[in-house]
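Hello,

Here is the structure I promised to send over.

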Amino acid sequence: MTRRNAHSPSPLSLSARASVERAGRALGDRRARPNLRWLSALLGATVGSVDEYLAELATAVPLEEEIRRRHLAGGRPNYAQFRAPFELYALVRCLRPRHVVETGVSSGVSSAHFLLALQRNRHGTLHSIDLPVVQRTATFGRTDSPVALPPGRASGWAVPEPLRAGWDLRVGPSQELLPALLRSIPSVGLFLHDSLHTPTHLAFELATVRPKLDPGAIVLADNTAWTGRSFPRFARAVGVPMRARGRSDLVGLRMPIGPPGRSGRRSSARSTPPPL
Ligand SMILES: C[S@@+](CC[C@H](N)C(=O)[O-])C[C@H]1O[C@@H](n2cnc3c(N)ncnc32)[C@H](O)[C@@H]1O
């Protein structure tokens, strides 16, 4: 239940605010504070609908600490990791998708939060694709990619053991693996692009996943400053607004629920999914 403090400017309950603060501290990433405006714009719902899910992040503190421990043991406090892990968690808890697909795993911050939410839903599978790059020497050097794996580690190396059961992690280029993965599942309820950030590659991934998207599915893409018009073009093609997370280049949209109108675009009356 949402209990609001009358003096607080935040629409979150006190317990949800305390939980996200604790979880963010445990993860060691100050950017991880959830952007509520973005979440509610994506969901077409009020913040109240995610409050209870953000509040339960207090129980994720040991897992967040473990992710941080693993990063530190890998030689860096954090990696070029996904900046909105708690939003991923809340979206999956709210929408209860049967299949979540992500491209780009690296150490596995996004994966860990998807897996935790799916585990708590007791329903659904995460399918991840990653083509890792490996750090050149034992210690991280200036010429290394910020997403490089430390020596001896594999994609998703910071994901705690208790989350790994049932994870469909595929290693290779998404150019090859994404079409095959999508042929093997009936539909996709949430898709995250966080792999090769070029206009052509993002356009390829979006075009490939589009026929499999569930009505009301969420589609997210990070680092769109590098991918030109690919995401805005996709949003236009599916007839829904694109939502940016604050001033960042992490963007998303929610697929329409209804069928396209006569013009080929979805009618505006049906393009906003119902509240949750
Ligand atoms: C920004 S990182 C992913 C971060 C991750 N989502 C997280 O939360 O920490 C991008 C990852 O995509 C991988 N990658 C690059 N090109 C790829 C491709 N063509 N197919 C699949 N993965 C790719 C990179 O090696 C890297 O592991």
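The ligand is surrounded by 20 residues, where a residue counts as near if one of its heavy atoms lies within 4 Å of the molecule. S110, D130, L131, S174 and D194 are the closest. Please bear in mind that this is a predicted model, in which local features need pLDDT of at least 70 and side-chain atom pairs count only at pLDDT 80 or more, while totals for chains, interfaces and linings use all residues. Residues are numbered from 1 along each chain as its sequence is written, and side-chain values use heavy atoms, with hydrogens and water left out.

By class, the shell has 10 nonpolar, 8 polar and 2 charged residues (nonpolar: Ala, Val, Leu, Ile, Met, Phe, Trp, Tyr, Cys and Pro; charged: Asp, Glu, Lys and Arg; polar: the others, Gly among them).

For S174, a polar backbone atom is 2.9 Å from a nitrogen of the ligand. Taken alone, the ligand exposes 610 Å², and the protein buries 93% of that (Shrake-Rupley method, 1.4 Å probe).

Where does the ligand sit? The space it takes is the largest pocket (more than half of its atoms lie within 2 Å of the grid points). A pocket here is an open set of points on a 1 Å grid over the protein atoms alone, with protein on both sides within 12 Å along at least five of seven lines; lining residues have an atom within 4 Å of a point. This pocket has a volume of about 680 Å³ (the space filled by probe spheres set on the points). Its lining comprises 32 residues, with V147, D194, S195, L196 and H197 nearest the centre. Helix 6, strand 2 (125-130) and helix 7 each give at least two residues to that lining (DSSP runs: helices H or I of at least four residues, strands E of at least two).

The search also finds 1 cavity of 30 Å³ or more, meaning points where a 1.4 Å probe fits but cannot get out. L63, E64, I67, A112, H113, L116 and L163 line the largest cavity, with helix 4 (61-73) and helix 6 each supplying at least two of the lining residues.

Best wishes

How values were computed: Polar contact = N/O pair within 3.5 Å; in protein donor to acceptor, adjacent residues only side chain to side chain.
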